[in-house]
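Please have the sequence and the 3D view open while reading.

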Amino acid sequence: MFTLAEVASLNDIQPTYRILKPWWDVFMDYLAVVMLMVAIFAGTMQLTKDQVVCLPVLQSSVNSKAQPSTSGKADFTTVETTTGQGEAASVRTVSFGSAPTVTPDVPLSRATSPQYQPTESGQELKKEQKDSSGRKTNLDFQQYVFINQMCYHLALPWYSKYFPYLVLIHTIVLIVSSNFWFKYPKTCSKIEHFVSILGKCFESPWTTKALSETACEDSEENKQRLTGAQSLPKYVSTSSDEGSPNASTPMITKSGFKFSADKPMIEVPSVTILDKKDGEQAKALFEKVRKFRAHVEDSDLIYKLYVGQTIIKTFKFIFILCYTANFVNTISFEHICNPKVEHLIGYTQFECTHNMAYMLKKLLISYISLICVYGFICLYTLFWLFRIPLKEYSFEKVREESSFSDIPDVKNDFAFLLHMVDQYDQLYSKRFGVFLSEVSENKLREISLNHEWTFEKLRQHVSRNAQDKQELHLFMLSGVPDAVFDLTDLDVLKLELIPEAKIPAKISQMTNLQELHLCHCPAKVEQTAFSFLRDHLRCLYVKFTDVAEIPAWVYLLKNLRELYLIGNLNSENNKMIGLESLRELRHLKILHVKSNLTKIPPNITDVAPHLTKLVIHNDGTKLVVLNSLKKMMNVAELELQNCELERIPHAIFSLSNLQELDLKSNSIRTIEEIISFQHLKRLTCLKLWHNKIVNIPSSITHVKNLESLYLSNNKLESLPAAVFSLQKLRCLDVSYNSIAVIPAEIGLLQNLQHFHITGNKVDILPKQLFKCVKLRTLSLGQNCITSIPDKVGQLLQLTHLELKGNCLDRLPATLGQCQLLRKSGLVVEDHLFDTLPSEVKEVLNQDTSIPFANGI
């Protein structure tokens, strides 16, 4: 037999699961406990008191004589006579009726015993025995016990005997059915995980903070209190119109909280009511909720299992009710027993009474009543399950009551679990919805970010760049810390891989800021912040993967001077250029595009009239269409690098104001078109390096104003005399070709200051080279030169001399006459430097205060 503690443990569900038990499940649990008590009570009574009492049924004549004529009620008298050994006998007469008389057993031997004297009491006894009436059965006590036990099994119906145990089994089945979805292996882990997350979300300080701010959102007094007392991030506004951008301006849209900068700026303390530990726990909860949603939303196993167990309980109720109702009348007080042991006792039929029949019948009726109530609740549960779509859950009400309008609707098992929670308390799902909102997550990140990146920490990351400007580089953060905008002396701000970057109005404090870098960072700005950037920003770098990542407000910065776009500007298999109109950039002077263009975007022509420098760096994609270049009449510098050009584009010859042309890293083999450069009167710098040019045409003499010519990394084998007719040439770079001879005509270049012929096959230096007395840089490395003429001392302005990688065995002592040359500017092997006289070494080792000027 089960103990009460053992049976109760079957319904011992973890207390945390109570939030998933609606009122009908709780009520059915209570009903199951009552039914369990009925079963245990009935079973206990059967074990202690259950028995039957049987009397033999005598002949009908005897029965008729045994009934007194003076009584209207049936009287039963039983006379038992036992004959013992030695004529000793005892007689016990028991009379049942209106006036029963009980006569104690008296040994018959006393009447004849010599010690026994008849007295008055003895005479009365004889008189009583004579007057009494009853049935003589000739059965002793042991025979009655035997008959009672035998008739208990023969005459008593089985339901009367096993009713308590059936009730116990049914109740246990119902209890197991009610809680099976908590224990099934494929659902219990999900349910346990959900309950754990839900409890943490409910108790999280972030939930309380987010909802309390929402509740106070419409109160101006509370807004000021929260802003001044560290609850909301700085410059968070919930006003409907004030400070928000108009429809035509691509600013922050109304997703969750609205940001405005028209409010007075209040310094927010660095410590918020949400400490760092709570913030980290809340961020972990956001991640857990995201993963749990992805894990649970793809199936509806929990829903199906709950529906299945409810249907099973309903069928169980119908089954119990149907067969139990048939056995109610079988539990009765009187029973007729025919044990078929007449050879032992002399009687064939007995009339028995079941002393527990009345109580068991009442308990059975009570059990049936409980089952009926249980069944009606099951039917209601089924009605609830199919009345509304429980595999869909909408947070519409939560979205209406809070500012978190982006809380998504959920489905399948996730939705069903939330419906179950709502039956317990809807506050759970409301607080849980906070952790499904991206707006809420972003707010948490902002608070945590501001807590971590204080003004002092940011100040430590400020550095000086090559232009001696104060620069701050922020990489892979969840947002832009508010303290950044307190660095009022910052010149350059770089934001990289910050997808949720927001630029508030406080940026207007950064009056020195003129350069902004957005590397994979589609930053959003407030209206006031945009106004500041529009008026003050001069240089903008935007690096992106897709053109959609370029913030729309970039095209409205009317005072922007330099724009650098680095990323993929092609879409739909190069059929459409995704660049927006640049017409509003009226002051743009420099446009740098590093992409994979097949044609120059027509939109670039919107800024053509005022553009002075255009740089297009392709990734190897062939640039085919260049007609748009003709419209850029004011372009002074043009770079078309890595565009797979095979010839110099004819469109370039229309750029009358062109001063510098860079066609680096293309596939140009011939430059016969260079004769057309004679129309470009202002062209002073021509860069044709890293191509496949074999020779230089003599028509290069027509480019008379050329000052810099870069032909390095080509396939030149000689330098034609026409090159040395360019009297204004100050820089000539023919490094890394196959040139074997430096023509003597090089002496004609009296203005030559920089000559680079590294990586060729030169073996002899002509003396005319040293007539170029204005040379500052002479690069002769990686050739076959065997000696350096002493006339090198004539180069008084020489500051850089490269001789490494030749066949030299010594250096001329006249190097000491090069007044500006120092050891740091002399690139040569150490053993060759040691061949110089000591006084020359001392001269070369001297420090100089004269700055080195490249002059290119």
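The text below covers the salt bridges and the placement of their partners.

The model is predicted: local features need pLDDT of at least 70, side-chain atom pairs count only at pLDDT 80 or more, and totals for chains, interfaces and linings use all residues. Residues are numbered from 1 along each chain as its sequence is written, and side-chain values use heavy atoms, with hydrogens and water left out.

A search of the whole structure finds 20 salt bridges (a side-chain nitrogen of Lys or Arg within 4 Å of a carboxyl oxygen of Asp or Glu). The table lists some of them.

| Pair | Closest N and O atoms |
|---|---|
| Arg399 and Asp409 | 3.1 Å |
| Lys613 and Glu637 | 3.5 Å |
| Arg647 and Glu673 | 2.4 Å |

Helices (H or I, at least four residues) and strands (E, at least two) are DSSP runs, numbered from the N terminus. Arg399 forms a salt bridge with Asp409. Arg399 sits in helix α15 (residues 396-401) and Asp409 in the loop between α15 and β11 (410-411), so this pair ties together parts 10 residues apart in sequence.

Lys613 pairs with Glu637 in a salt bridge. Because Lys613 belongs to strand β23 (residues 613-618) and Glu637 to strand β24 (residues 637-641), the pair ties together parts 24 residues apart in sequence.

For accessibility, buried means under 20% relative accessible area, exposed over 50%, and partly exposed in between (1.4 Å probe, protein chains only). Arg647 is partly exposed at 43%, whereas Glu673 is buried at 7%. Asp409 is partly exposed at 40%.

Salt bridges that share partners also join Asp300, Lys304 and Lys391 into one network.
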